[in-house]
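I opened my notebook to look up a few side-chain contacts. Here are my entries, in the order I made them.

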Amino acid sequence: MQLNFSNINARIRSVLTIRKISDKQLAQWLEISPGRLSQKFKGETWDSLTELQEIADRTGFSLAWVITGEGEQEQKGNNESHEEEVRAIVLKYEKQIEDLVAQIAEKNAQIELRKKNEQLLTQLNGILEDRIKEKELKLDELRSKLDVKDGKRK
């Protein structure tokens, strides 16, 4: 399952409406400017889980629900439940994160292999050019010898 930031933003907007919280108030809670908050909503991204946790804590909504839209909407009211929610979210997305890390590692390996192949091709081209020059020199040398022999025959 992938995080869908537009859905997270929609849930945050819903929370703000239900709790009658202004963007200005939310920006103050997050200690950011209203303009920066607007960018977050437009850019469909949140910089940290801490910001989402702050929204959940201040509004009484469940962090898991804010992020995933699943589970209980309202917080249970204690820190242990917050920790459980965070653990559940981490476990849920851990496989996705592992897959992304594996994909990145594979891409990096492909890039390294491509670089090595380019180096080998460059070396091979250099070797071939040297051999071609050697053969051209030998051919020129043979032509010169033939010209000399042909000159003696005439």
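Predicted model: local features only at pLDDT ≥ 70, side-chain atom pairs only at ≥ 80, totals over all residues.

Entry 1. I started with arginine 58. Its relative accessibility is 44%, so I put it down as partly exposed. The cut-offs I used: buried is under 20% relative accessible area, exposed is over 50%, and partly exposed is in between, with a 1.4 Å probe and protein chains only.

Residues are numbered from 1 along each chain as its sequence is written, and side-chain values use heavy atoms, leaving out hydrogens and water.

Entry 2. Which residue forms a salt bridge with arginine 58? I found glutamate 54, with the closest N and O atoms 2.6 Å apart. A salt bridge here is a side-chain nitrogen of Lys or Arg within 4 Å of a carboxyl oxygen of Asp or Glu. Glutamate 54 is partly exposed, at 23% relative accessibility.

Entry 3. Lysine 115 meets glutamate 112 at 3.8 Å, N to O. Lysine 115 is partly exposed at 43%, and glutamate 112 is partly exposed at 41%.

Aspartate 140 and arginine 143 meet at 3.7 Å, N to O. I wrote 41% for aspartate 140 and 47% for arginine 143.

Entry 4. I turned to nonpolar side chains. Leu121, Leu124, Leu128 and Ile132 form a surface patch with about 370 Å² of accessible area together. Patch residues have over 30% relative accessible area and no salt bridge; nonpolar side chains (Val, Leu, Ile, Met, Phe, Trp, Tyr) are joined within 5 Å, like charges within 9 Å. Areas come from the Shrake-Rupley method with a 1.4 Å probe, and for residues only the protein chains shown count as cover.

Entry 5. I ended with arginine 13. I found it over the face of phenylalanine 41, 3.8 Å from the ring centre. The rule asks for NZ of Lys or CZ of Arg within 6 Å of the ring centre and within 35 degrees of the ring normal.
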